[in-house]
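Biologist: Hi, I'm new to this one. Could you walk me through it while I look?
Modeller: Happy to. Here it comes.

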Amino acid sequence: RAPHAAAVAFVCAPWTAAACAALGTSALQHAPLLGALLLAHRGRLAGASAALAAAALVLPDAVWLVPATASLWRSSAARRRSPPGGARAEPSLGAFAAAFALWLALFAGLARWAAGSWAFADAVHGAWARGDGQRPGVGLWWYLLAQVFPASRAHFVFALHVLPRLCLLPLAARLRRWPLLCAALSFGVVTAFKPHLAMPDVVLALALLGTQLDASLLGHARPSLLAAGAALLVGALACRPLLRGWLGARALNANFAFAASLLLGVAQSEALLALTAAALRRDWAVVSARGATRIQRAWRRRRRKRQ
């Protein structure tokens with residue numbers, strides 16, 4: 001029931017209601033993404049791939065969640081299809097990728113027919129690919145792009161915009177035994193390195209991660225999470241007054257706002273890194289235990305044959 005709990009927490013959060021009351025679209029953009037996770041958790045191939053394609057049409061970062069969503073669907077579908085007590089026959093991830101590509105092409109064609117041109121694609125996906133926009137915000141992205149020299153811009157765009165997302169595919173392959181945790185971590189990475197962060201993004205990331213935290217994860221990541229939480233609290237409390245003093249009252253230097261923004265970005269990255277390391281450590285412990293059990297059983301069988 002973890003996706004359902006995350007959906008309820010996201011919908012009932014006051015920040016989501018405030019974003020909708022302010023006529024913001026960030027909360028509505030996450031609706032098809034939540035639907036994709038819920039349908040993938042139920043093992044629905046057509047519905048999950050269609051919902052994720054609809055999310056990718058308005059939210060380009062949803063494309064990077066295809067590996068985690070496909071892994072979640074495969075795990076749920078295998079659990080539903082396998083007979084009681086029998087071996088689990090897991091379906092192919094290629095089926096989900098093909099269905100997603102077909103739905104995305106269909107939705108893009110319908111949008112092109114309705115709009116009459118591809119201008120919407122350039123406004124949404126082209127701007128995302130170029131990393132446009134440097135208006136004052138929070139996080140590592142805006143801080144570094146506001147400070148970097150033009151000659152080094154392409155390097156930082158790749159390092160902040162593409163490189164963290166490229167790690168989501170091997171992460172999904174490694175955490176295939178924990179598909180819900182992989183989906184939560186993947187969305188957390190996408191949120192932490194988003195160019196312009198909105199409050200519904202943070203609410204959904206916290207809702208997904210909150211449903212996956214348990215004693216084993218917190219035991220390994222508690223010191224780093226406490227430090228990151230303290231840094232997030234200080235940065236969140238200081239960022240808005242410093243931005244207002246710089247842009248509104250013109251009484252403060254821009255470096256104060258830059259420092260608070262940098263603190264927020266580093267704290268987010270540290271928290272996600274600690275949780276990811278704890279998840280990989282737990283997965284390695286499970287794999288090691290299973291490997292040791294298999295070796296022990298093989299040794300016992302060989303010993304019996306000799307006797």
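Biologist: Leaving aside its neighbours within four places in sequence, which residues is Thr211 in contact with?
Modeller: Thr211 is in contact with Ala2, Ala5 and Ala6, where contact means heavy atoms within 4.5 Å. A word on the background: this is a predicted model, in which local features need pLDDT of at least 70 and side-chain atom pairs count only at pLDDT 80 or more, while totals for chains, interfaces and linings use all residues. Residues are numbered from 1 along each chain as its sequence is written, and side-chain values use heavy atoms, with hydrogens and water left out.

Biologist: Where is Thr211 found?
Modeller: Thr211 sits in the loop between α13 and α14 (215-248). Helices here are DSSP runs of H or I with at least four residues, strands are runs of E with at least two, and both are numbered from the N terminus.

Biologist: And how far apart are the C-alpha atoms of Thr211 and Ala5?
Modeller: They are separated by 7.1 Å, although the two residues are 206 residues apart along the chain.

Biologist: What about Ala2, then: which residues does Ala2 touch?
Modeller: Not counting residues up to four places away in sequence, Ala2 touches Leu180, Thr211 and Gln212. Ala2 belongs to helix α1 and is buried, with a relative accessible area of 16%. Its C-alpha atom and that of Gln212 are 7.4 Å apart, across 210 residues of chain.

Biologist: Can we zoom out? How many helices and strands does the chain have?
Modeller: There are 15 helices and 0 strands. The chain has 307 residues, and 40% of them count as buried.

Biologist: What share of the contacts comes from residues 24 or more positions apart?
Modeller: Such pairs account for 68% of the contacts in the chain with a separation of 6 or more.

Biologist: Back to the helices. How do α1 and α13 pack?
Modeller: Helix α1 (residues 2-12) and helix α13 (residues 199-210) have axes 8 Å apart, at an angle of about 150°. That makes the two roughly antiparallel, since angles over 145 degrees count that way, under 35 is roughly parallel, 65 to 115 roughly perpendicular and the rest oblique. The axes are lines fitted to C-alpha atoms, for helices over the stretch in contact, and angles run from 0 to 180 degrees between N-to-C directions.

Biologist: Which residues of α1 and α13 meet?
Modeller: From α1 there are Ala6, Ala9 and Phe10, and from α13 Pro200, Val203, Leu204, Ala207 and Leu208. By class, that contact has 8 nonpolar residues, no polar ones and no charged ones.

Biologist: What does α13 do with α12?
Modeller: Helix α12 (residues 179-192) packs with α13 at about 155°, with the axes 9 Å apart. The pair is therefore roughly antiparallel. Among the α12 residues in the contact are Phe187 and Thr191, and those from α13 include Asp201 and Leu209. The classes come to 8 nonpolar, 2 polar and 1 charged.

Biologist: How do the axes of α5 and α7 cross?
Modeller: They cross at roughly 50° and come within 8 Å, with α7 covering residues 93-115. That makes α5 oblique to α7. Residues of α5 that take part include Leu45 and Leu57, and those of α7 include Phe96, Trp103 and Ala111. This contact has 18 nonpolar residues, 1 polar and no charged.

Biologist: One more spot: where does Gly43 lie?
Modeller: Gly43 lies in the loop between α4 (31-41) and α5 (45-58). It is buried, at 17% relative accessible area. Beyond its neighbours within four places in sequence, Gly43 is in contact with Trp73, Ser76, Ala77 and Arg80.

Biologist: And Pro164, is that one buried or exposed?
Modeller: Pro164 is buried, with a relative accessible area of 13%. Its place is in helix α10 (residues 153-166).

Note on methods: Buried means under 20% relative accessible area, exposed over 50%, partly exposed in between (1.4 Å probe, protein chains only). Ala, Val, Leu, Ile, Met, Phe, Trp, Tyr, Cys and Pro count as nonpolar, Asp, Glu, Lys and Arg as charged, and the others, Gly among them, as polar.
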